[in-house]
Amino acid sequence: MPNRLVRKSFLSKDAKNTFYRRIDQLIEDLKADPLNIELQQQVEQLTEKVLQLQADIERRKQLHEQDQKVISALRDENKRLRNNNEQSAALNEKAHMEIDSLRKENMDLRRKAYPERYVLPSFIDVEATHAYKDKQGQCHITMKFTGGSKEYKEQMSNEDFVAFKNGSLTKEEIIAKYHKPRIEAYISREFSRPDKRSATLSLIERTIFSYMKLYSCSAFVPSSNGDNNPRKRRSYNDIDDMNDEERKGLAM
């Protein structure tokens, strides 16, 4: 701008040239001034930092774009896996339902084939009986006799408790297993009364304790001195350990 003003002025050519040299000298002096040099260095340093920042911004932008691609791919993969999991869960649920149905069908068939293994005598209140875990985690099975108010409680194994909960063991089975001595004592007491023996036999017919009929057939017959006499008195455990063929032979 100063040169432009000089050119428009009415100075002589020599004066203008002198003025131009003076201006150039002032510019050179300004450039050589230590303060200006320091400022110029700071400007250069700041310019370099700006360039570095711009390069860093560009690099971060590229990384962000790459991250977005990875995120998008992961979202698609998660969606696919979620769909697969839902399909697998549906198939598993269907399989479990089929297993439960087959287990129930199998249990029903077993009940029909061997009713005495899954039915308790009517003098046991099955509905009032329940299995539970206490606050300490110990499993219990309770039992009541029909018409009675007293509740009998026995500890049971966690394995049997789980089997009962998943349907592998029936309530009748665990009652018979854990309250067997108490029930057999009740039956034995009733057998000891001739006037109630027939009624007791009818109550345990085709139940888990139907083998007591075999016991009653032999328990009140005078025993023989012969060890091979099938009519000799037997204990409950003897009969309980017999197989089906041996029981049939004893009953004949």
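Reply: A residue is called buried under 20% relative accessible area, exposed over 50%, and partly exposed in between, with a 1.4 Å probe and protein chains only. The model is predicted: local features need pLDDT of at least 70 and side-chain atom pairs count only at pLDDT 80 or more, whereas totals for chains, interfaces and linings use all residues. Residues are numbered from 1 along each chain as its sequence is written, and side-chain values use heavy atoms, with hydrogens and water left out.

A salt bridge here is a side-chain nitrogen of Lys or Arg within 4 Å of a carboxyl oxygen of Asp or Glu. The structure contains 5 of them.

Consider aspartate 56. Its side chain meets that of arginine 59 in a salt bridge of 2.5 Å, N to O, and that of arginine 60 in another of 2.7 Å, N to O. Helices are DSSP runs of H or I with at least four residues, and strands are runs of E with at least two, numbered from the N terminus. Arginine 59 and aspartate 56 both belong to helix α3 (residues 34-113), 3 residues apart, about one turn of the helix. Aspartate 56 and arginine 60 lie 4 residues apart in α3, again about one turn. Aspartate 56 has a relative accessible area of 23% and so is partly exposed; arginine 59, at 42%, is also partly exposed. Arginine 60 reaches 54% and therefore counts as exposed.

Another pair is formed by aspartate 160 and lysine 177, whose side chains meet in a salt bridge of 2.7 Å, N to O. Aspartate 160 lies in helix α4 and lysine 177 in helix α5, so this pair ties together parts that are 17 residues apart in sequence. With a relative accessible area of 9%, aspartate 160 is buried. Salt bridges that share partners, by contrast, join Asp56, Arg59 and Arg60 into one network.

The strands form an open sheet of 3 in the order β1-β2-β3, with antiparallel pairing, where two strands pair if DSSP finds at least two bridges between them.
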